[in-house]
Amino acid sequence: MHVQEWLDSVPAAAVYGLVALVIGLESLGIPLPGEIILISAALMSSQHSGINPVVLGVCATAGAVIGDSIGYAIGRKGGRPLLAWLGGKFPRHFSEGHVATAERSFEKWGMWAVFFGRFVALLRIFAGPLAGVLHMPYWKFLTANVLGGICWAGGTTAVIYYVGVVAEDWLKRFSYLGLVVALGIGLASMLVLKRKARKAQPQEREAEPVGAGD
């Protein structure tokens, strides 16, 4: 069975709900592939008449904003012991180095770290809980959270949707292998970002003593 036939059998409500749920859970601090799910769903909307890209973008935005807000509340209540607990559960995502890097970004950029963090896989997981731990004023967090969620979720949906429409003839012949390749590319891009974040940590640690000596 071709992928297009399979997509036609997926209820639109299930797609909307899955996108909102995965992005919401990722935003509150659980490492999940929210961006890959959103890209896949946006591609589906370009070829699946039952999936409305506007509704999809709204659901993705709602999941991002609500998830981040819940993460903020949890971080504010749990404080640094919460980060230590998360480090034990998800050492690859909440290691001391990752937490320190994200914390420096928040201290330096404030609201902008929340806004632009939406576009970076690692910071997207950290933004809500860390903003709560650092006691960022909620109105500042909410403003950056909403604007970032709209730009990231809405922008990603729009771009991928129109790319899918332009490539409609090719996508009609899309096989399961092609779908796996597309998802693999999305996953690889996320891993590259994480790898760059890891490489940046030792460099920052080496630079700090030099500044102190000067």
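**Fold.** I read the order of elements along the sequence as α-α-α-α-α-α-α-α-α-α, and the count for the chain is ten helices and zero strands, where helices (H or I, at least four residues) and strands (E, at least two) are DSSP runs numbered from the N terminus. I note that this is a predicted model, in which local features need pLDDT of at least 70 and side-chain atom pairs count only at pLDDT 80 or more, while totals for chains, interfaces and linings use all residues. Residues are numbered from 1 along each chain as its sequence is written, and side-chain values use heavy atoms, with hydrogens and water left out.

**Whole chain.** Of the 214 residues, 43% count as buried (under 20% relative accessible area, with exposed over 50% and partly exposed in between, for a 1.4 Å probe and protein chains only). I also looked up contacts (heavy atoms within 4.5 Å): among those between residues at least 6 apart in sequence, 81% join residues at least 24 apart.

**Helix 2.** I checked the length of helix 2 (residues 12-27), whose 16 residues should span 22 Å at 1.5 Å a residue, and its end C-alpha atoms are 23 Å apart, which agrees; the expected span is 1.5 Å times one less than the number of residues. Its buried residues include A12, V15, V19 and I23. After the helix comes G29, with a positive phi near 120°.

**E26.** I place E26 in helix 2, where E26 is buried at a relative accessible area of 1%. Not counting residues up to four places away in sequence, E26 touches L32, G34, E35, R124 and I125.

Leaving aside neighbours within four places in sequence, I find V19 in contact with I37, L38, A41, L56 and A60.

**V120.** Last, I located V120 in the loop between helix 6 (111-117) and helix 7 (121-133), and V120 is partly exposed, with a relative accessible area of 31%.
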